[in-house]
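Here's a quick briefing to read with the model open beside you. Have a look at the fold first, then work through the points below.

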Amino acid sequence: MDITILKGILTGIILSLPFGPVGVYCMELTIVEGRWKGYITALGMVTMDMVYSTVALLFLSSVKEYVIKYENHLSLFIGIFLMIISLKKLLKKIELKELNVDFKSMLQNYLTGVGFAVVNISTVLLIATVFAFLRVLDNVTSLTSFETIIGVGLGGSGLWFFTTYLISHFRRLFGKEKLIKIIKVANGIIFILALFVAIYSTRQIMIK
C-alpha cells in the first residue's frame, strides 16, 4: 500500500478518536439507538473530515488565517451549541430504544453527523497540524492529495466501525439502568467541558 494512503489512514484515525464531545455523542447514540445509527452518524463526521482535509491541502494558508482570526468566536459557538444539547439530554428522560434500521432515520443520523462537523470548522487546524507532523504537505500533487483524502475516509470509518462494534456489545452486557447512568454522566462531563470552552473563549474575545 502507498505510504501516502497510510498517512491519510493515520490522520483519519487521529481525527476519529472518540474522546471529544462529538465522539461521546456518537457513542451515546450507539448505546441508545443501536450500532448502525451511531456508525452512520460518525460517517457524517468522517465525510466532513475528508472535506476539511481537501480544504487543508488546497487552501491551507488562507483558511488557516481565517480560522485563527475567528477561532475564539468559533469555539464560543461550539461551546454554547454543545451546552444546549447536553443540558437537554440531562433534563430529558432517557429510554433505550428498540433496535431498528430504516433509510429515513439513517439519512437523518448521517446529516446530524455532518452538521456537528460543519460547526467545528477549527478541525482544519488539527488536520493541518497532523499533516505537517506526518510531512503530508511536503510533496502535494493531485495523486497524493486524492490518496490522502481516501486514506482519511478509510481510517475514520474503520475506527468507528470497530468502536461502535465494541459499544454494541456493552449494550448487551450491561443493564438498562447502568447504561442510562453512564449516558447521564457523559452528558454532564460534556456540559462542564462546553461551559469551560465558552467561558474561556468569551474571555479571549473580550481581551482582544
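**A buried serine, and what surrounds it**

Ser-16 is buried, with a relative accessible area of 4%; buried here means under 20% relative accessible area, exposed means over 50%, and partly exposed is anything in between (1.4 Å probe, protein chains only). This is a predicted model, so local features need pLDDT of at least 70 and side-chain atom pairs count only at pLDDT 80 or more, while totals for chains, interfaces and linings use all residues. Residues are numbered from 1 along each chain as its sequence is written, and side-chain values use heavy atoms, with hydrogens and water left out.

**Overall layout**

- The protein has 8 helices and 0 strands, where helices (H or I, at least four residues) and strands (E, at least two) are DSSP runs numbered from the N terminus.
- Of its 208 residues, 45% count as buried.
- Take contacts (heavy atoms within 4.5 Å) between residues at least 6 apart in sequence: 91% of them join residues at least 24 apart.

- Where is Ser-16 in the chain? Ser-16 lies in the loop between H1 and H2.
- Leaving out residues up to four places away in sequence, Ser-16 touches Val-46, Asp-49, Gly-156, Leu-159 and Trp-160.
- Thr-11 belongs to helix H1 (residues 3-15) and is buried at 0% relative accessibility.
- Thr-11 and Gly-153 are 142 residues apart along the chain, yet their C-alpha atoms are separated by 9.2 Å.

**The nonpolar core**

- The largest nonpolar core has 32 residues, and Met-45, Leu-82, Ile-127, Phe-131 and Trp-160 touch the most other members. A core of this kind is a set of buried Ala, Val, Leu, Ile, Met, Phe, Trp, Tyr and Cys residues joined through side-chain atoms within 4.5 Å.
- Helices giving two or more residues to this core are H2 (21-33), H3, H4 (71-91), H5 (103-119), H6, H7 and H8.
- Which helix gives the largest share of this core? That would be H3, with 8 residues.
- Met-45 touches Val-22, Cys-26, Gly-113, Val-114, Ala-117 and Trp-160, not counting residues up to four places away in sequence.
- In helix H6 (residues 123-133), the buried residues are Thr-123, Val-124, Leu-125, Ile-127, Ala-128, Val-130 and Phe-131.
- Just after H6, Arg-135 takes a positive phi of about 60°.

**Aromatic rings and an arginine**

- How many aromatic pairs does a search of the whole structure find? The search finds 4. Rings of Phe, Tyr and Trp (its six-membered ring) pair if their centres lie within 6.5 Å; planes under 30 degrees apart count as stacked, over 60 as edge-to-face and the rest as tilted.
- Tyr-39 and Phe-161 make an edge-to-face pair, at 5.6 Å centre to centre and 80° between the planes.
- That pair links distant parts of the chain, with Tyr-39 in helix H3 (residues 35-69) and Phe-161 in helix H7 (residues 142-173), 122 residues apart.
- Tyr-39 is buried at 11% relative accessible area, whereas Phe-161 is partly exposed at 39%.
- Why do Phe-196 and Tyr-200 count as stacked? Their ring centres are 6.4 Å apart and their planes are at 15°, so the pair is stacked.
- Phe-196 and Tyr-200 are 4 residues apart in helix H8 (residues 176-207), so about one helical turn separates them.
- Phe-196 is exposed at 56% relative accessibility, and Tyr-200 is partly exposed at 45%.
- Trp-36, Tyr-39 and Phe-161 form one aromatic cluster.
- The charged end of Arg-35 sits over the ring of Trp-36, 4.7 Å from its centre, and Arg-35 also lies over the face of Phe-161, at 4.3 Å from the ring centre. For this, NZ of Lys or CZ of Arg must be within 6 Å of the ring centre and within 35 degrees of the ring normal.
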